[in-house]
2 protein chains.
Amino acid sequence: MKKINIFLLGYGQVGKNFFRLVQEKQDFCRRKYEHHICVSTVLNSRGGLYTASEKKGEGMFTGSALGSKLEEHPDYVSGMDFENVLEYPDLDILVDCTPSDIRTGKPSLDYTHRALNRGMHVVTASKGPLVVDFAGIRTNAEKNSVCLGMSGATAAALPTLDVALRSLAGAEILGIEGILNGTSNYVLTRMSEGMTYAQALNEAQRKGMAEPNPEQDVEGWDTAAKILIITNAVMGTSYTLEDMRVEGITNISSSLWKEAKKTGHKLKLIGRFSPQRKTQNLETRLSPIHPSHSLYGVDGAAKGITFFTDTMNTVTVTGGKSDPRGAAAALLKDVLNIYRG
Amino acid sequence: MKKINIFLLGYGQVGKNFFRLVQEKQDFCRRKYEHHICVSTVLNSRGGLYTASEKKGEGMFTGSALGSKLEEHPDYVSGMDFENVLEYPDLDILVDCTPSDIRTGKPSLDYTHRALNRGMHVVTASKGPLVVDFAGIRTNAEKNSVCLGMSGATAAALPTLDVALRSLAGAEILGIEGILNGTSNYVLTRMSEGMTYAQALNEAQRKGMAEPNPEQDVEGWDTAAKILIITNAVMGTSYTLEDMRVEGITNISSSLWKEAKKTGHKLKLIGRFSPQRKTQNLETRLSPIHPSHSLYGVDGAAKGITFFTDTMNTVTVTGGKSDPRGAAAALLKDVLNIYRG
């Protein structure tokens, strides 16, 4: 039985779901993977909790003891920060659930490098650092001989990286296309059914699918971040946002809708890597897709990705839970896979 | 650079394609995976070739030197058999490309166990042994601390096992449904377009998609073998064909077609694992599926699989090359993944 000590950074929706999921899956993970997974440190922006295994039995906060507010836990230490946590012994993995800026990578970029330098594996749902400094993080992880789990930042419960790196091992990836943002896909689906952009977005917000400020989703930045990370991870490239053409769904002309409808196409926001193109081979673009397209059936808040290969033809993955619990499940997957042969 | 010595058993369509693919991918595998993959032994039913690395440079037959007929190679040893090969040193992996009987496992079952006992990893496209004695092979591989690569026997270039075991790690699989046989799916697709069964099968045979004796495909046995192996590998079960209800596509009543058409369904041959059912929870069954079904768009010779999970919802994979080269690519994938962290 291998004990895995996790430092959970961030206790918002994804962090809370990750914590709960680890509690729920304790027995399953022991039985199936022979891993005892412990969240032994939790940190938010104002302080945190640290339970050493020596001090408190299994070193695991119990679900009942850790509610939705970290601050209400009796052992919460106000003012405890990242610097303090790095000094604690026995931390194997940083699970980063903090939101980060995809233009600066802050605040996670710094945390990521410091955890890697401390010899911790990093499993992250935070796109910023990977968008801003993919090459630096990859190099740093290699230098420190630790792993980087990026599923949480690359469409979460929809398998993307695992499939490209493992299921397609030995094949050359000739291109990638993905519908990678559930919110914008939902809005496009509803618009194709006759709603205006404002109506569709409003409905998505009412259903809790879209943020009050939906800019990242509808202007294509979330899709851009995901296809960028996926491409860099799969192709060994070092693209940044500056290399990309990024389009959203906020300004679709009615003639584009009419044309798509007339020719039997659907309009989809596609994150695309086309290595054969000399310029702008990485983009997020509103694209009319034909019924024969592998992602044609990906409607509503669903996501999907297609890999074009030399020896295996095209392989498409669709589905995966699109919410904080799905993101938490993707983080747990990465944690488990780090310790598997 | 890790050198991997392969013993290739069987030199039919899949075996030849595997040999050629390894030749083609030499540089790619060295560059990307730091593996030097050598086919150092090839055996067919009448004899074989063995090139020790000491004797012939890199221990690799060159593509030009090994044509479509093994017997024509100058070093071909008539009468060389499996027993002889097991005595050769430095063989890391048995790649089994022999056809086998899914009712007896012969002849591969015996080869599989002997290779495992000799400490070789086994990567196989041969379903028979896995259908007949999954539990025994799994136990034997564990006992000998070697790996078992089964992608070639579980829909080949369509990723099935990797996705379930790695991309869905930490999730519980609540059910599996797959369109796993290209031939029967092609026939059903053409029948839905108005052809008779005989016309559709005839066309599939003319196009080289269906065997002259298509029994395994159209009577559901190929689908049954695949869903059986996938289920046993993913769920840790030990089902055999006796536990299954197996249906094919040879006797579809015209009323079933009419009913499906009227209600907007497609008829598909689905391999299905439904753990919640008390009896017959593993089956191959002709099923009407609705446009909302994740496999609805899988037409013609295409294949697809859906996993139902607790924490990640449903995840569906479609595509993958359905021919001997696709099978060869799946075998190469398994070889590469055995040596990855």
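This is a predicted model: local features need pLDDT of at least 70, side-chain atom pairs count only at pLDDT 80 or more; totals for chains, interfaces and linings use all residues.
**Cysteines, core and rings: a quick tour**

The sulfur of Cys147(A) sits 17 Å from the closest cysteine sulfur, the one in Cys29(A), and that is too far for a bond. Cys147(A) is partly exposed, at a relative accessible area of 32%. Cys38(A), on the other hand, is buried, at 0%. Its closest cysteine sulfur also belongs to Cys29(A), 11 Å away, so a bond is ruled out by distance there too. Over all chains, the disulfide count is zero.

Now for the core. Which residues have the most contacts inside the largest nonpolar core? They are Phe18 and Val95, in chain A and in chain B, and that core has 170 residues. Setting aside neighbours within four places in sequence, Phe18(B) touches several residues, among them Ile6(B), Val39(B), Val95(B) and Leu332(B).

On to the rings. We have ten aromatic pairs over all chains. Phe28(A) is buried at 9%, and Tyr33(A) is buried at 11%. Over in chain B, Phe7(B) and Phe82(B) make a tilted pair, 5.5 Å centre to centre and 40 degrees between the planes. Phe7(B) comes from strand β1 and Phe82(B) from helix α3, so this pair ties together parts 75 residues apart in sequence. In chain A, Phe7(A), Phe82(A) and Tyr111(A) form one aromatic cluster.

Last, charges over rings. The charged end of Lys266(A) sits over Tyr296(A), 4.1 Å from the ring centre, and Lys25(B) lies over the face of Phe28(B), at 4.6 Å. Thanks, everyone!

Methods:
Residues are numbered from 1 along each chain as its sequence is written. Chains are lettered from A and ligands numbered from 1 in the order in which they are written. Side-chain values use heavy atoms; hydrogens and water are left out. A nonpolar core is a set of buried Ala, Val, Leu, Ile, Met, Phe, Trp, Tyr and Cys residues joined through side-chain atoms within 4.5 Å. Buried means under 20% relative accessible area, exposed over 50%, partly exposed in between (1.4 Å probe, protein chains only). Contact means heavy atoms within 4.5 Å. A disulfide is a pair of cysteine sulfur atoms within 2.5 Å. Rings of Phe, Tyr and Trp (its six-membered ring) pair if their centres lie within 6.5 Å; planes under 30 degrees apart count as stacked, over 60 as edge-to-face and the rest as tilted. Helices (H or I, at least four residues) and strands (E, at least two) are DSSP runs, numbered from the N terminus. A charge sits over a ring if NZ of Lys or CZ of Arg is within 6 Å of the ring centre and within 35 degrees of the ring normal.
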